[in-house]
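Trainee: Could we go through this model together? I should like to start with the strands and then move on to the rest.
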Amino acid sequence: MRRDTFSTPELPPSSAPSRLSLDGVPLGQPFVVHRVLTDPRAPERARQLEEIGFNPGEQVMVMTRGIPGGDPLVVRVGQSTFALRGAEAACIQVEGTGGRAA
Amino acid sequence: MTEAVIHLHPPGRLAALVGNPNAGKTALFNRLTGSNQKVANYAGVTIERKEGKLALPSGKTVRVLDLPGTYSLHPRSPDERITCDVLQGTARGEKRPDLVVCVVDATNLRRSLRLVLGIKRMGLPCVVALNMADLAESRGMRLDPDALASELGVPVVSTVAVQGDGDAALRALLERPEIWQPTTTLMPVPQPPGDELPDHERVRQILERLGLDMVAPHLASDRIDRVVLHPVIGPVLLAVLLFLVFQAVFAWAEAPKGWIESATAWLGNQVGALLPEGYLRSFITDGLIAGVGGVIVFLPQVLILFFFILVLEESGYLPRAAFLLDRIMGGVGLSGRSFIPLLSSFACAIPGIMATRTIANPRDRLVTIMIAPMMTCSARLPVYALLIGAFIPNRKLAGFELQGLVLFALYLAGILGSLAVAWILKRTTARGLVRPLMMELPTYHWPHLRSVALGLWQRAEIFMRRVGTIILVLTIALWFLASFPTPPEGATRPAIEYSIAGMLGHGLSLLLAPIGFNWQISIALVPGLAAREVAVSALGTVYALSATGEGTAEALSPIIAHSWSLATALSLLAWYVFAPQCMATLATVKRETGGWKWALVMAGYLFALAYLASFVTYRVALALGWG
């Protein structure tokens, strides 16, 4: 078990102000994956997210949200598009592109 | 050299296609093997196993296995597990492949190459097919297979699975004996700068060195998604689309149905005229031709429905529909992932139940399996079409075919019933689980005529094989039961009433009379247990034998319109919405769930629901004066 395990995926207090979780970012804006957090209720999830492309440094963008309630979300990661549940997107920490956008 | 290799590797060499879902693997498989395919199941599981023969230009043949798509070598669902087991050589009854062809989506190298690195580590000879190379280049990516080959240490060729000679480079590569060698690779493996690096980091560096690390926007797909996934337009579009599909199933099939009916009647008359009066003539015309012809009539409708499902699947729309429905499905304790198996169940519950293997959550998978038979499968269409044709007037209501509207209502009844059952199961078995979605929405593309045609051909073959085997056998068996024993001297009632089937039907009708079924229906339901559409041919046989004059399949509709009340017809329709009248489905459930328990639970609860629905329908219809 990694040390950066949180009971609920939240921002650690020390994180930079630009660091957000993917379920809370505005639509249509590019971000970069910072890291994928492990949710103890679904321990497999972090690895599965990494396998489908959510790796540190990868570009992500929330394309649209389902109705009602904004869940699930449609997320572009690299060249792929995935539908993710809010709880899944919450495990993905992102930061502003900071000029790294291609 | 070549001779020696041929001796080392006998003609049964096996190449396995492996790749991410949506990498165009199956299109490449179809391109390589043409219609030379064998569709079966893997030992012990009902996961579809597709093998084909590839004839190389030199005349040698290679067996090609199309493995289920996977994102990684850590399986997360039963079908991904098959891929991993086959590659490790641990799949039951399966030879470990001699060569792995990694099918890579050239437009999505980042994710695909991670899988390639993982497969390479398994120690099997491996080549890479850079598929969708044309699409990648049209997006401005400059692909250099040789450069990628030296980075990866395995041979790489470009392929375009959807083009006539798009697999030429791969075929030429498979001719080269050295790629099949288990120990040596074609090129020396360059020691990567940091072997201890995680795979995604290595892939990133490779793509950076090859100048392929930019992220191209998907303009066309995104434009379509702005409409298709729109919060308001999206769901409306989905509803309209499904409605039009069901209208088309009825409207387009009208003409071909007519041709098949006339052909059946003509054949019956021709054969009848050749044979002398007696058992043989009755057997051929009433048993065989009326029975089997009555089912073949519905082939056009089955094919039209499959055509739409295949086109929607090929175009990339189906996962979008699943996304749109995720919230509704969540309300009854399922996820959008259950949508695709359930939609497939509209064609047939068996591929639908098999498709549940993509659902990772075991509870969701079981619930989806349990409600799948309530989706109106194509085997119900013959029954619905017969009853609707006989009892619902052929006129328009608010611009729509009334018959089509009734059909739509029957489909809706099955859907609502399944949602209700899922909701009850949610209340009793789901305990606040968060279930994974992580579903890929592939870029849209035009469906390829070739793949759709191949899919339709396989469905038509399966349908005709059923007609030729189980339906034929049961029809013949029913003819015997309905013809013997022969009526005693001076009998006044139709001969069938004195037969075994007649007695059986009368017995059953005691149980089924409260829901309005007469003894003819009761007889037809017995062989209908084996396969739903058999009930139509059985009714054809029963009425043909009970008619005093001539009776053939084409005459069945007016006969029942004349002899049944509307209440009985509606009750039978309600019965067919729920009744689990398909042994093949129950057998599939047994295999998929690993025992008879769930198959029996399914049969029990669906029969109970069917009886209840028919009872209510019949009583309400009687109260409305439709008796």
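Trainee: Which residue does F82(A) stand opposite in β10(B)?

Mentor: F82(A) stands opposite E440(B). Please bear in mind that this is a predicted model, in which local features need pLDDT of at least 70, side-chain atom pairs count only at pLDDT 80 or more, and totals for chains, interfaces and linings use all residues. Residues are numbered from 1 along each chain as its sequence is written, while chains are lettered from A and ligands numbered from 1 in the order in which they are written.

Trainee: And what is the bridge partner of A83(A) in β10(B)?

Mentor: A83(A) has M439(B) as its bridge partner. Strand β5 (residues 80-84) of chain A and β10(B) pair in the antiparallel sense over two bridges. Strands pair here if DSSP finds at least two bridges between them. The elements themselves are DSSP runs numbered from the N terminus: helices are H or I of at least four residues, and strands are E of at least two.

Trainee: What is the strand order in the sheet?

Mentor: Seven strands form an open, antiparallel sheet in the order β1(A)-β6(A)-β2(A)-β3(A)-β4(A)-β5(A)-β10(B). Its edge strands are β1 (20-21) of chain A and β10 of chain B, each of which pairs on one side only.

Trainee: How many bridges join β4 to β5 in chain A?

Mentor: Five bridges join β4 (residues 73-77) of chain A to β5(A), and the two run antiparallel. V74(A) stands opposite A83(A) in that pairing. The two strands form a hairpin with two residues between them, and G78(A) in the turn has a positive phi of about 55 degrees.

Trainee: Is β5(A) buried or exposed?

Mentor: Five of the five residues of β5(A) are buried, so this strand is largely enclosed by the rest of the structure. A buried residue has 20 or more other C-beta atoms within 10 Å of its own, an exposed one has 12 or fewer, and a partly exposed one falls in between, with C-beta atoms placed from the backbone. In a regular strand the side chains alternate between the two faces of the sheet. In β5(A), S80(A), F82(A) and L84(A) point one way, and T81(A) and A83(A) the other way.

Trainee: What about β2 in chain A; which strands does it pair with?

Mentor: Strand β2 (residues 31-36) of chain A is joined to β3 (residues 59-65) of chain A by two bridges, antiparallel, with F31(A) and V60(A) as bridge partners. β2(A) also pairs with β6 (residues 92-96) of chain A in the antiparallel sense over five bridges, where V33(A) stands opposite V94(A).

Trainee: In what order do the elements of chain A run?

Mentor: From the N terminus on, they run β-β-α-β-β-β-α-β. Buried residues make up 44% of the 102 residues in chain A.

Trainee: Which residues touch the most other members of the largest nonpolar core?

Mentor: Of its 141 residues, V75(A), F82(A), I92(A), Y384(B), L387(B), L573(B) and F578(B) do. Such a core is a set of buried Ala, Val, Leu, Ile, Met, Phe, Trp, Tyr and Cys residues joined through C-beta atoms within 7 Å. Helix α25 (residues 566-578) of chain B supplies the largest share of this core, ten residues.

Trainee: What do the buried residues of α25(B) pack against?

Mentor: They pack against α18 (380-391), α19 (402-429), α22 (519-528) and α27 of chain B. Twelve of the 13 residues of α25(B) are buried, so this helix is largely enclosed by the rest of the structure. Leaving aside its neighbours within four places in sequence, L573(B) is in contact with Y384(B), L387(B) and L410(B).

Trainee: Finally, what is the average pLDDT of chain B?

Mentor: Chain B averages a pLDDT of 80, and 88% of the residues score at least 70; pLDDT is the predictor's confidence in each residue, from 0 to 100. Over residues 184-194 of chain B the pLDDT is below 50. Where pLDDT is low, the predicted coordinates should not be read in detail. The model scores ipTM 0.80 and pTM 0.74.

Conventions. Two residues are in contact if their C-beta atoms, placed from the backbone, lie within 7 Å.
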